[in-house]
Amino acid sequence: MARRFHRTRRGLRAHLDDVERDLLTRLFDDVATMLGGDDADAPGAEPAEVDPLVRLVGLDLDSGRTPLPPEDPALARLLPDAHPGDAAASGEFRRYTESGLRDRKRDGLRRAAATLRRDGPLVLDDAEAAAWLVALTDVRLVLAERLGVRDDDDATLLHHSVAALPPDDPRGWLAAVYELLTWLQETLVESLLPG
C-alpha cells in the first residue's frame, strides 16, 4: 500500500507496492504515447532528414501548415489553445510551441516512469521530483477529462458519488486512481516545501 512522500538525506522517498508501481508506470507510458511523436523512434523506422531549425525548436517553417487543436478532449487539456476564441492566434501559437511542449511532456513522463523501473525503494532527487509533479499533473488531466472533472466542485461531486457507483462501473476504478494520483502529488508537494 502506498505511503506518502517524505524527505530523507538521499532524496524524496515514497513507498509503492509492485501493483502501484506497475500502474503508475503504465499510466506515465500511456500518456507519453498519447502525446505522439515517436514515429522516428519506432523499430525499423528510417531516420528522416531533419532541418536543423526544426530539430532545434521543433518548428517547420516550410510546411506552411498550422497544427490543429487535438480532437481528443483529454489531449486538448494537455495541449490547450493559448487564445480561446481566436482560432488564428491559437493556431499560430501552436505552430511555434506545440512540438516542443509535446517533447517536454513526453520526456518528463518517461523520466518519471524510469524512476519506477529502478530496483529498490522509490527515491527521487529534486529534478526527478519536478518531472514527477508535471507527469502526475498530466495523467490527472487525462483522467479528469475522462471522468468529466473540470473544477473543484466536479472533483468533490465525484468523490462523494463514487461509493454509489455499481462495483462494475469503470468510473469507480478511474476515480480511485485519480484520487491516488492527487494524494501522491499533494504529499510530493508537501515534501518539497521548506520546513
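**Notebook: pocket, salt bridges and core**

I started with the second largest pocket and found it lined by Leu147, Gly148, Val149, Asp154, Leu157, Leu158, Ser161, Leu165 and Arg171. For my own use: on a 1 Å grid over the protein atoms alone, a pocket is an open set of points with protein on both sides within 12 Å along at least five of seven lines, where a cavity would be a set in which a 1.4 Å probe fits but cannot get out; lining residues have an atom within 4 Å of a point. I note that this is a predicted model, where local features need pLDDT of at least 70 and side-chain atom pairs count only at pLDDT 80 or more, while totals for chains, interfaces and linings use all residues. Residues are numbered from 1 along each chain as its sequence is written, and side-chain values use heavy atoms, with hydrogens and water left out.

**The pocket, continued**

I looked up the volume and got about 170 Å³ (the space filled by probe spheres set on the points, with grid points joined across faces, edges and corners). Which helix gives the most to the lining? Helix α6 (residues 152-161) does, with 4 residues. Helices here are DSSP runs of H or I with at least four residues, strands are runs of E with at least two, and both are numbered from the N terminus. I sorted the lining by class and got 5 nonpolar, 2 polar and 2 charged residues. Ala, Val, Leu, Ile, Met, Phe, Trp, Tyr, Cys and Pro count as nonpolar, Asp, Glu, Lys and Arg as charged, and the others, Gly among them, as polar.

**Salt bridges**

Next I searched the whole structure for salt bridges and found 15 (a side-chain nitrogen of Lys or Arg within 4 Å of a carboxyl oxygen of Asp or Glu). I picked out Asp126 and Arg7, whose closest N and O atoms are 3.5 Å apart. Asp126 is in helix α5 (residues 126-147) and Arg7 in strand β1 (residues 3-7), so this pair ties together parts 119 residues apart in sequence. I got a relative accessible area of 47% for Asp126, which is partly exposed, and 44% for Arg7, also partly exposed. My cut-offs: buried is under 20% relative accessible area, exposed is over 50%, and partly exposed is in between (1.4 Å probe, protein chains only).

Then I checked Arg106 and Asp103, which pair at 2.4 Å between the closest N and O atoms. Both sit in helix α4, 3 residues apart, or about one turn of the helix. Buried or partly exposed: what is Arg106? Arg106 is buried, at 5% relative accessibility, whereas Asp103 is partly exposed at 33%. I also noted a network in which salt bridges with shared partners join Asp81, Arg94, Glu98 and Arg102.

**The core**

I turned to the largest nonpolar core, where Phe5, Phe28 and Trp132 touch the most other members out of 40 residues. Such a core is a set of buried Ala, Val, Leu, Ile, Met, Phe, Trp, Tyr and Cys residues joined through side-chain atoms within 4.5 Å. Helix α5 gives the most to this core, with 9 residues.

I listed contacts (heavy atoms within 4.5 Å), leaving aside neighbours within four places in sequence. Those of Trp132 include Phe5, Leu24, Phe28, Ala112 and Leu188. Val139, in helix α5, is buried at 1% relative accessibility. For Val139 I wrote down Leu27, Phe28, Val31, Leu109 and Leu181. Val139 and Leu109 are 30 residues apart in sequence and 8.9 Å apart in space, C-alpha to C-alpha.
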